[in-house]
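Work through the exercises below with the sequence and the model in view. Each task is followed by its solution in steps.

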Amino acid sequence: MTAARAAPETEPAPESRGAAHSALRGGRWPWMSDAIIVVALAAANTALVTVTREDPAMAAVWHDHTAGYAAGVMLSLVLFARRFLPFTVLMVLTLGGLAGDFAGIMVWGAASLGIAAAAYSVGRYLPLVRSLAGLSAAVAVNIATTALSPATAAPGGGEAGGEPWWINQAFYLGWILGSWWVGRLVRMRAFHMMELAARAERLERARDAHTRAVLAEERTRIARELHDVVAHHVSVMTVQATAGRRVIERSPDRARQTLVEIEETGRQAMAEMRRIVDVLREPEAGGENDNGEVAGRDPQPSLSGLDELIRQIRETGTPVELVAEGVPVKLPPGLELTLYRVVQESLTNVLKHAGRDAPTTVSVRYGPRAVEVAVTDEGGAGGEGAPPHSDEPGHGLVGMRERVALYGGEIDAGPRSGGGFEVRTRIPLARRG
């Protein structure tokens, strides 16, 4: 039977192949443990050769004591190859013991214990099919070795000591089978630990991927926030600039006031953009600035800021009315921000598509189970004070739907039967205990 090299049951992934082979071969320092085994076997054989010199019956079979010392050391050195050629090592030790018996050299001090180590290596380092084939061949060769050995034919019918031949046979077979089974158990344990390590690595990669996905989603939300803010302020500034251009000749004071309002609106837009960019740059909310101080930010808009928002729209010349119904209740800041942005985006769309001459009503209704916000315009020519229409679809309505959906709400937007456009939002409130 030819020598078979050890191979793992399943080929590991490329990135973990080195660690897998290191684990299968016994760690990073396998030579140290092998060296200890070699020294122990050489010492055991040396002691056994010394015993045979003092026993006449054993000396009659193994009479070359000097060669026994040297052969025991040489046979022990074969164990250095047990991790890579376990079956070959097992055969060399078994047949080496038989050759020593024919030559009158005692090598069983190294061979018998070495056979156990080699049988363990066959079970530990070879795949199951090769391991079983190697075990079967080892058992067959060992039976033949015991039957052919001159020591078996020594006086007394045993191995130079009078024991029946089957006692030695049973001892060596049990030695081989037990060692092989221990090797299989250790191999299965090693593969189990490798699988656990690979699973932990996969879970860690999945967790990192999930974290990156969450961060990307959060950055997307911040980008939509920036889109809403910039779109609103730029629309207001565009309408204000259009109005200022129309009255600059007949009313310079009014045109000057319009420029002041454009400047103020631009400053507000830049402030909000800077705040959102700070969020994008900082890993955590409330992070420190370059000076090591906690970065301060203005409060996020809420429903209480609708008056200021509507005042800005009115300054463009658009008639806007704010209507509040019900008893105001304290809402989560995120929910208030969502409702504020819905109103802001809706008013921006009024300026874009209906023009600044379209009468608009913003209504906020507080109910026991939900809060409702509606922005209704009566339509306009879309010409005076309105920016040119774009053929590209807007993202405002999509962003509003996503914001409202985060709170389990609903949004309904569409033309009115009598003309104009309406955006109606309803977000349920958490029940109060």
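**Exercise 1. Two tryptophans**

Task: decide whether Trp 181 is buried, partly exposed or exposed, and classify the aromatic pair that it forms with Trp 180.

Solution. Trp 181 has a relative accessibility of 46%, so it counts as partly exposed; buried means under 20% relative accessible area, exposed over 50%, and partly exposed in between, with a 1.4 Å probe and protein chains only. Trp 180, at 9%, is buried. Next come the rings. Rings of Phe, Tyr and Trp (its six-membered ring) pair if their centres lie within 6.5 Å; planes under 30 degrees apart are stacked, over 60 edge-to-face, and the rest tilted. The search of the whole structure gives one aromatic pair. Trp 180 and Trp 181 have ring centres 6.4 Å apart and planes at 35 degrees, and the pair is tilted.

The model is predicted: local features need pLDDT of at least 70 and side-chain atom pairs pLDDT 80 or more, while totals for chains, interfaces and linings use all residues. Residues are numbered from 1 along each chain as its sequence is written, and side-chain values use heavy atoms, without hydrogens and water.

**Exercise 2. The chain as a whole**

Task: state how many helices and strands the protein chain has, and what share of its residues is buried.

Solution. The protein chain has twelve helices and five strands. These are DSSP runs numbered from the N terminus (helices H or I, at least four residues; strands E, at least two). Of its 433 residues, 40% are buried. Among contacts (heavy atoms within 4.5 Å) with a separation of 6 or more, 72% join residues 24 or more positions apart.

**Exercise 3. H2 against H4**

Task: find how H2 and H4 are oriented to each other, and which classes of residue make up their contact.

Solution. Start with the axes, which are lines fitted to C-alpha atoms, for helices over the stretch in contact, with angles from 0 to 180 degrees between N-to-C directions. Those of H2 (residues 30-54) and H4 (residues 65-77) come within 8 Å and cross at roughly 160 degrees. The two helices are therefore roughly antiparallel; angles under 35 degrees count as roughly parallel, over 145 as roughly antiparallel, 65 to 115 as roughly perpendicular and the rest as oblique. On the H2 side the contact includes Val 38, Leu 41 and Arg 53, and on the H4 side it includes His 65, Tyr 69 and Leu 77. By class, there are seven nonpolar, eight polar and one charged residues. Here Ala, Val, Leu, Ile, Met, Phe, Trp, Tyr, Cys and Pro are nonpolar, Asp, Glu, Lys and Arg charged, and the others, Gly among them, polar.

**Exercise 4. H5 and a residue in it**

Task: describe how H5 packs against H7, and locate the contacts of Leu 93.

Solution. The axes of H5 (residues 86-103) and H7 (residues 128-148) come within 10 Å and cross at roughly 0 degrees, which makes the helices roughly parallel. Among the contact residues are Phe 87 and Leu 98 of H5 and Ala 137 and Val 141 of H7. This contact has ten nonpolar, four polar and no charged residues.

Leu 93 is also in H5. With 0% relative accessibility, Leu 93 is buried. Beyond its neighbours within four places in sequence, Leu 93 touches Leu 75, Leu 79, Ala 111, Gly 114, Ile 115 and Ala 118. Leu 93 and Ala 111 are 18 residues apart in sequence, yet their C-alpha atoms are 5.2 Å apart.
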